[in-house]
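User: I am new to this structure and would like to understand the terms used for it. Could you take me through them with care?

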Amino acid sequence: MKTLSWFATLGLAMALPAHADRLPLPADAPPSYQAECGTCHLPYPPALLTATDWKRVMGALDRHYGDNATLDEPTRREIAAFLLRHAATHNSMAANSNPPRLTSSEWFRREHRRVPESSWKDPDVKSSANCGGCHTKAEAGSFRESEIVLPTSRRRL
Amino acid sequence: MNVPLLPMLLLAGAATAWSATPRELAQSYTAEASRLIPGFQGSAQRGAEFYARRFAVSSHLPACSACHTDSPARIGRHAVTGKTIQPLSPSAVATRFSDPAKVEKWFRRNCTEVLGRECSAAEKADFIAFATEGT
């Protein structure tokens, strides 16, 4: 058990392996991250975008995916520094969209290739960025298969 | 020149995470509004109409109720991201309307999106009167 969880930690530390079902917020997350970036949507795990992507996100908060998420400068810097500290180093985590969406990365597409098209469009999910729409424990940073409930069927996968 | 009360409260809030009761907050908006509208009093009835009114400035966010449902006592859902939003009513969520800076931030954001402009102090006072009704 000890060894197992040690391996899990090591795995996460190594820039996210193919199978990562635990993505808790890093312990050094400033409280402002949850308060400012966790209200309209989940506070996304910083390891799911690259530093380049996060810089683009944090550099254009006044035009935030059709919304306005402007922050005062000290808070913006504090959050940006946190995101950059934990940003993905692997290319498969890079966004393939403008503005950068973690849901457009090669990694995200690969992990979700078996998800039926209808599930993304379900009114209960609304958006692929609504992780909690399928991952019932996403708020707690857990993405285990056993916790996934697809909306169209409301059955476990 | 009159020194506006609310910005003072907000300044105090920014420095010390100052907290207020919904009633105090409503009072400061009422005071601000009554400088423009003599004798102004917040009205839960007007607040209810405002809450449900379809401004239709934005096609996907026509009204406050688009995310907050048709009752402030109910659990809402963000119309774009799908995320759950806890009820606005302080009887359901005790921390509502207790942090002046937070309340101002969301009024500014949500009003700009739904109305295409900021809400007036009078509209805010009415809104709080409605959302806190029965608490």
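User: What makes the pair E139(A) and K83(B) a salt bridge?

Analyst: The closest N and O atoms of E139(A) and K83(B) are 3.8 Å apart, and a salt bridge asks for a side-chain nitrogen of Lys or Arg within 4 Å of a carboxyl oxygen of Asp or Glu, so the pair qualifies. Across the interface of chain B and chain A the rule finds three salt bridges. The model is a predicted one, in which local features need pLDDT of at least 70 and side-chain atom pairs count only at pLDDT 80 or more, while totals for chains, interfaces and linings use all residues. Side-chain values use heavy atoms, with hydrogens and water left out.

User: How many residues does the contact take from chain B and from chain A?

Analyst: With contact meaning heavy atoms within 4.5 Å, eleven residues come from chain B and 18 residues from chain A. On the side of chain B, T81(B), K83(B) and R109(B) lose the most area to chain A, together 43% of what that side buries, where buried area is the accessible area (1.4 Å probe) that two parts lose on being put together, summed over both.

User: Why are the buried residues of α3(A) said to line one face of the helix?

Analyst: In helix α3 of chain A, residues 51–58, the residues D53(A), W54(A), V57(A) and M58(A) are buried, that is, under 20% relative accessible area, whereas exposed means over 50% and partly exposed lies in between (1.4 Å probe, protein chains only). Seen down the axis of α3(A), these buried residues fall within an arc of 125°, so they line one face. The face turned away from the buried side carries the exposed residues T52(A) and K55(A).

Technical notes
Residues are numbered from 1 along each chain as its sequence is written. Chains are lettered from A and ligands numbered from 1 in the order in which they are written. Helices (H or I, at least four residues) and strands (E, at least two) are DSSP runs, numbered from the N terminus. The arc is that of the directions from the helix axis to the C-beta atoms.
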